[in-house]
Amino acid sequence: MTRLATPEDMRAYGARLAARLRPGDLLVLSGPLGAGKTTLVQGIAEGLKVRGPITSPTFVIARVHPSLRQGPPLVHVDAYRLGGDLEVDDLDLDASLEDSVTVVEWGEGLVEGLAEDRLEIHIDREAGDEARIVTLRAVGSRWSDGWSDTPSDPPEE
């Protein structure tokens, strides 16, 4: 678990995490409303050097942010309004999964079937202040290179 005191810390954490991401990676974000999921994605986007701005895609469901350098695009999905597996299938996320970094907010219980390897990220608010607690859970062999169930920070390259 990692405690992040400010939104800026959350963005910086996302940028460090982005340094380890590659095409085909799936990140599933969970946590209560206002926990900082989109703020984390902003940091990931900054680290991946993709075109922004990065805002919550709640009403459009998914946005593709192309790379500004030769890296993978970022597919940013908000599954909050999705009613189940059929609506996830309608998004055709598996069509771009191999070539992109795909981050799904509110995806827990909906998108795990897209990839055997994924990084599950849960964000909780700490009572009484702006601090957030981030817990990573690495699933699959893709993440077996130094990631523990709940590392304090993404490993450095």
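Visitor: What volume does the largest pocket have?

Guide: Rolling a probe the size of a water molecule over the atoms shows where empty space is left. In this predicted model, the largest pocket has a volume of about 160 Å³.

Visitor: Which residues lie nearest the centre of the largest pocket?

Guide: The lining consists of 13 residues, and those nearest the centre are Leu-33, Gly-34, Lys-37, Glu-105 and Trp-106.

Visitor: Which helix gives the most to the lining of the largest pocket?

Guide: Helix 2, residues 37–48, gives the most, contributing three residues.

Visitor: How many helices and strands does the protein chain have?

Guide: The protein chain has four helices and seven strands. Followed along the sequence, they are arranged as β-α-β-α-β-β-α-α-β-β-β.

Visitor: What share of the contacts in the protein chain with a separation of 6 or more comes from residues 24 or more positions apart?

Guide: Such pairs account for 60% of those contacts. A case to look for in the model is Arg-22 and Gly-71, which are 49 residues apart in sequence, while their C-alpha atoms are 8.2 Å apart in space.

Visitor: What percentage of the residues in the protein chain is buried?

Guide: Of the 157 residues in the protein chain, 47% are buried. As for the surface, the protein chain exposes about 7800 Å², and carbon and sulfur atoms supply 49% of that area.

Visitor: Let us turn to single residues. Is Arg-142 buried or exposed?

Guide: Buried means under 20% relative accessible area. Arg-142 has 10% relative accessibility and therefore counts as buried. Its place is in the segment after strand 7 (132–139).

Visitor: Which residues does Arg-142 touch, apart from those up to four places away in sequence?

Guide: Arg-142 touches Arg-20, Leu-21, Arg-22, Asp-25 and Asp-117. With Arg-20 a distance can be given: a polar atom of the Arg-142 side chain lies 2.7 Å from the backbone oxygen of Arg-20. Arg-22, for its part, lies in the loop between helix 1 (7–18) and strand 2 (26–30). Beyond its neighbours within four places in sequence, Arg-22 is in contact with Ser-100, Val-101 and Arg-142. Arg-22 is partly exposed, with a relative accessible area of 45%.

Visitor: Why does Arg-118 count as buried?

Guide: Arg-118 counts as buried because its relative accessible area is 12%, and the cut-off is under 20%. Arg-118 belongs to strand 6, residues 118–125.

Visitor: With which side chain does the side chain of Arg-118 make a polar contact?

Guide: The partner is the side chain of Glu-120, at 2.8 Å. Leaving aside neighbours within four places in sequence, the residues in contact with Arg-118 include Leu-26, Val-28, Glu-112 and Trp-143.

Visitor: Is Glu-98 buried or exposed?

Guide: Exposed means over 50% relative accessible area. Glu-98 has 69% relative accessibility, so Glu-98 counts as exposed. Glu-98 is found in the loop between helix 4 (93–96) and strand 5 (101–105).

Visitor: Which residues is Glu-98 in contact with, leaving aside its neighbours within four places in sequence?

Guide: Glu-98 is in contact with Pro-23 and Gly-24. Pro-23 is 75 residues away from Glu-98 along the chain, and their C-alpha atoms are separated by 5.9 Å.

Visitor: Finally, the backbone. What is the phi of Lys-49?

Guide: Most residues other than glycine have a negative phi, and most peptide bonds are trans. The phi of Lys-49 is near 60 degrees, a positive value in a residue other than glycine. Lys-49 lies in the loop between helix 2 and strand 3, and is partly exposed at 44% relative accessibility.

Visitor: Where is Trp-106 found?

Guide: Trp-106 is found in the loop between strand 5 and strand 6. Trp-106 is not a glycine, yet has a positive phi of about 60 degrees. With 24% relative accessibility, Trp-106 counts as partly exposed.

Visitor: Which residues does a cis peptide bond join?

Guide: A cis peptide bond joins Gly-52 and Pro-53, with omega about 5 degrees. Pro-53 lies in the loop between helix 2 and strand 3 (62–65).

Terms used: Residues are numbered from 1 along each chain as its sequence is written. This is a predicted model: local features need pLDDT of at least 70, side-chain atom pairs count only at pLDDT 80 or more; totals for chains, interfaces and linings use all residues. Side-chain values use heavy atoms; hydrogens and water are left out. On a 1 Å grid over the protein atoms alone, a cavity is a set of points where a 1.4 Å probe fits but cannot get out, and a pocket is an open set with protein on both sides within 12 Å along at least five of seven lines; lining residues have an atom within 4 Å of a point. Grid points are joined across faces, edges and corners, and a volume is the space filled by probe spheres set on the points. Helices (H or I, at least four residues) and strands (E, at least two) are DSSP runs, numbered from the N terminus. Buried means under 20% relative accessible area, exposed over 50%, partly exposed in between (1.4 Å probe, protein chains only). A polar contact is a pair of N or O atoms within 3.5 Å; within protein, one must be able to donate a hydrogen and the other to accept it, and residues adjacent in sequence count only if both atoms are side-chain atoms. Contact means heavy atoms within 4.5 Å. Accessible areas come from the Shrake-Rupley method with a 1.4 Å probe; for residues, only the protein chains shown count as cover.
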